[in-house]
Amino acid sequence: MAQKRDLLFNAESVQSIESGCNEWFRTALSEADREAEGRYFSASGIPVKLLYTPADTQDMDYGRDLGFPGREPFVRGVYPNMYRGRMFTVRQLAGLGAPEDCNQRIKYLLDHGATGVNILFDLPTIRGYDSDDPEAEGNVGACGAAVDSIRDIDAYFKDIDLGKVSTSIVTHLPSTSIVIPGMYFAVAEERGTPWTQLAGTCQNDFIMETCVGSAPEILPPAASFRLQCDVVEWICRNIPRWNPISYNGYNLREAGTDAVQEVAVAIANAVATAEELIRRGMHIDDFAPRMSFFWDLHNDFFEEIAKCRASRKVWYQIMKERFGARNQKSLLMRFHVQTAGVTLTATEPFNNIARSAIQGLAAVLGGCQSLHIDSYDEAYSAPTEQAALISLRSQQIIQAETGVVNTVDPLAGSYFVESLTDQMAQRIAAYLSKIEEMGGLVKAVESGWLHREISAYNYKHQRSIETGETKLVGVNYQPAETAQCCNIDVFRYPETYTRQKAKLECLRRERNPRKVKECLEVIRDKCGSGENLYPYTIAAVKQLATLGEIEEVFREEFGLWAFPLF
Amino acid sequence: MTRKVRVVMAKLGLDIHWRGVYLVAQFLKDAGMEVVFLGNQFPEQIAEAALEEDADIVGLSCLSGNHMTLAPKVVRLLREKGLERVKVFMGGVMAPEDAVELERTHGVHKVFLPDTPMETIVSHMYESVGRPRHQP
Amino acid sequence: MSGGLAISPDRDRGPDLAAWIDACLRGDKRATARLISMVERRDPGASTILERIYPHTGKAYTIGITGPPGAGKSTLVDRLVNEFCKDRFSVGVIAVDPTSPFSGGALLGDRVRMTPGSRGRDCFFRSMSAGDAVGGLGPATQDVARVLEANGRQIVLIETVGVGQSELDVAQATDTVLVVLTPESGDTVQMMKAGLLEIADIFAVNKADRLGADSLALALAGMLDRKPRAAGAWRPPVCTTSASLGNGTRTVYDSIWRHHHHLRDTGELEQRRRSRLEKELRRKVEEELKRVLWDELVQTEKMSAWVEAVRKREVDPQRMARRIVTERLEAKIHRRTRMTRTKKEDHAGD
């Protein structure tokens, strides 16, 4: 499609504005102001000028760089009517303790109008241990639901029509994304709900498994990446309305990167996945529409908005030019946003309400598809009812009271925001090239390069906090004379361990041990082959193999790996 | 030869957040301490490491809610091995009253909540073993 | 467990020290850990410790593991420890990491590779910082190995990062040297320059699942074949391993034992140990001499005058140094000769 030139300003006007600006700079500002120019930067290091004018966006071409919402290049938004047509989804957390307790909460939310359900898991489940494994000690049911077998998923969704809800099964790691969603699919099958009716997502990100979180036992990056691709491939072929992957920039950012790295690594992951799936015989338009992203909304207000817009731009360019995607849905980037947990402080926690609200606003101005606003007590615990309510209200205030949702991409055309967007897109592309030069993201992780980037960022960032260069209100900037104490209600999870343990004992008695053994042996065997493991894990969970048992096979067959930081 | 402070640093159990503990380890190294970094390990391994490495301090990082079960276990195991003099420090995310209880009842020397400056951590540690800061 | 050790924990002197040493010899880990610290720091009690444990040493089999950073040495060490423990050996490990030249601190990360499965094995693992040693292995390392042996460890593994001269250090300190490489280790010519070919008794090409591992193994084998070798001499095997998967560990383990038997059967083991002891003795003589020189002989209060003389170009540094040393030595000898003569004269009349 030939793009005509739609320059925003004519060259003569730009010139005249530019000289006017230079003159203003020389004469209207004090010496001190002029000296200070060049010393301001965005959080990721982009220089920030005192003033932006059309001269800063003179090369912008409306058709090429902005376009219309819902059309290439999708910079202004992925749907034509954006929030007028479809308000950003408010997802509420659910998932604490035993599956039976969660079931109550889900039913409550569904009764009160929620259409989407999140399940968060406890740490042992996240990392693939059964509730009675020694490694699970102290963590069963804390901060999430405990799931050991298909029976737990069944209990979680008791009396709920799986064909009518959209479920986000937050399995971060490929090694659990290949098991737990499988339990969900098997339960649906048992209940007679066709797979074509199931809608939902799982995260399935090998960066989560090998980089973002440390653990006593980690699978090697190449193995985790293989499982990631197995999940995407199988789900694309079998569960048409399910999104099998969400590239997680959020957790990577929280671990310690800047905005550019966050987006570039997530996109590099998508590129690597696309290349592998194409190698396996799929076509780009078979799976790209199902890929979505998950961004972290940090506190540099305009940079974060620019990041959202720039990420759509870079994705479009790669999908169009590099992979030749044709389906519109492959070319547009959808993303969920969570406000940055790492920016919240434990000191004067109510300040966090302001922080999260501002970050939430930036997310909306950036055109997110769904949003989660952190609760103010994030620094202490999983959110309490009251804190969760305030987050919900913050979103509703943005939606209903501010008017920002009435028009699409309101900041387009701002000289500053467009300049930032352009620069961010360039830097993201450059970082992506660097990763490509190393042989791709899997190699970059294996070699420890990404871990070192994260560690270097953290070190630099902490230094700048220690020196006061980075300001944290209430902490190192205008700290209160006396430490303010407020009563924080901490949510205590119910005693889940004993219940899960009893269930496991029962399960082990009731199942057919020979069949379980057989299924596990098949999985073990297929690990070494190039075959997609999904059908075999589903077969195993149907025989009541536990999550921990399947994960143990992966660990034994793929080996263990530790962060190459030493 | 001057006696350097030896610290064993660990993430408790399955806790996934490593940015903080790795940062603290680097800052402690910058402050002249010898830091034995364990990564994610469980109380028995942590106590065994403190024993073999003749640690002055054990530093535990905990952001996933298992602090009230696993951390007291570490303290208990240290005592059983005759390592009462080892000071246990903790860093992480927890309710302030949990921190108080860990210090008062469970033998944790000090809990550092989020936003604690690195310099504070370093000073506290040197003070706890009664030694001056190592000057290279 | 050290429940019965009723010693005040901070008194490392006098009769307490004797009790610590006895406890270590009896197998107590806590006492051993303390003694290692004292020996490492060259505390006042260190020489007592070394003197007392020395008769209990000399039998343990020591294995050095070296190679470039990132080769996977720590993982391989952990798996080898499992093998030794399975065969009922009591094992000691010393893992040496560099010291920061700026702060004097160190980040010692070799224990990270231990898996939850390592609980309960009969192993003493100690991390050490290299200190001022340029070569990556401090002089204290051998002494620490002796303490571990006194504690009952029959096998001691010493792991160090292969940078600079540390390969040579490790070769001089151990019976068998295992060099661990990966396809990313750089080209083979570089390795030859680093002297790795000369010191290695066994090669392990780790991360065998990666591209380039097989060709590296082949290239190494080729180089080793071309090296001239006496009849019956040991030809270092080249093993491929994937330590994280546990593959190939057993082969490395078996090679270590084969090397051990070879050294024993040819008498080379005793030879190497003897020559090692001689080097150590020489080194300690030099250390002692240095100490005596600076503590007792040289009148360091005259140093600024000497420096001034050299600065003014009255004399060059070489001559100045010789003068300082010989003058003092002659003076000492003179005095002693006079004293002896006086004594003889005194007794002449007896």
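Two strands count as paired when DSSP finds at least two bridges between them. With that in hand, here are some exercises on this predicted model.

**Exercise 1. Work out the strand order of the open sheet with six strands, and find which strands stand at its edges.**

*Solution.* Start with the order: E5(B)-E4(B)-E3(B)-E1(B)-E2(B)-E3(C), with parallel pairing. Next, look at the two ends. Strand E5 (110–112) of chain B and strand E3 (106–108) of chain C each have a single partner strand, so one side of each has no neighbour in the sheet. From one strand to the next, the twist averages 20°.

Now zoom in on one end. Strand E4 (residues 87–92) of chain B is joined to E5(B) by three bridges in the parallel sense. Within this pair, Phe89(B) has Lys110(B) of E5(B) as its bridge partner. Finally, see what lies on the sheet: helix H3 (residues 67–80) of chain B packs there, touching strand E1 (6–12), strand E3 (57–62) and E4 of chain B. The direction of H3(B) makes about 165° with that of E3(B).

**Exercise 2. Decide how strand E7 (residues 291–297) of chain A is covered, and find its partner strands.**

*Solution.* Take burial as the opening step, using a cut-off of under 20% relative accessible area. Seven of the seven residues in E7(A) are buried. Then sort the side chains by direction: Met291(A), Phe293(A), Trp295(A) and Leu297(A) point one way, while Ser292(A), Phe294(A) and Asp296(A) point the other way.

The partners come next. Strand E6 (residues 245–248) of chain A pairs with E7(A) in the parallel sense over four bridges, and Asn248(A) stands opposite Phe294(A). Strand E8 (residues 334–339) of chain A is also parallel to E7(A), with six bridges; there Val337(A) is the bridge partner of Trp295(A).

**Exercise 3. Describe the interface between chain A and chain B by its area, its residues and its polar links.**

*Solution.* Begin with size. The buried area is about 3100 Å², and carbon and sulfur atoms give 60% of that. Chain A brings 48 residues to the contact and chain B brings 32 residues.

Continue with the links. There are two salt bridges between chain A and chain B; one of them joins Asp30(B) to Arg463(A), whose closest N and O atoms are 3.6 Å apart. The interface also holds 13 residue pairs in polar contact. To close, ask which elements of chain A take part: helix H6 (123–126), helix H10 (206–212), helix H12 (249–256) and helix H21 (449–466) each supply at least two residues. H21(A) has the largest share, ten residues.

How values were computed: Residues are numbered from 1 along each chain as its sequence is written. Chains are lettered from A and ligands numbered from 1 in the order in which they are written. This is a predicted model: local features need pLDDT of at least 70, side-chain atom pairs count only at pLDDT 80 or more; totals for chains, interfaces and linings use all residues. Side-chain values use heavy atoms; hydrogens and water are left out. Axes are lines fitted to C-alpha atoms, for helices over the stretch in contact, and angles run from 0 to 180 degrees between N-to-C directions. Contact means heavy atoms within 4.5 Å. Buried means under 20% relative accessible area, exposed over 50%, partly exposed in between (1.4 Å probe, protein chains only). Buried area is the accessible area (1.4 Å probe) that two parts lose on being put together, summed over both. A salt bridge is a side-chain nitrogen of Lys or Arg within 4 Å of a carboxyl oxygen of Asp or Glu. A polar contact is a pair of N or O atoms within 3.5 Å; within protein, one must be able to donate a hydrogen and the other to accept it, and residues adjacent in sequence count only if both atoms are side-chain atoms.
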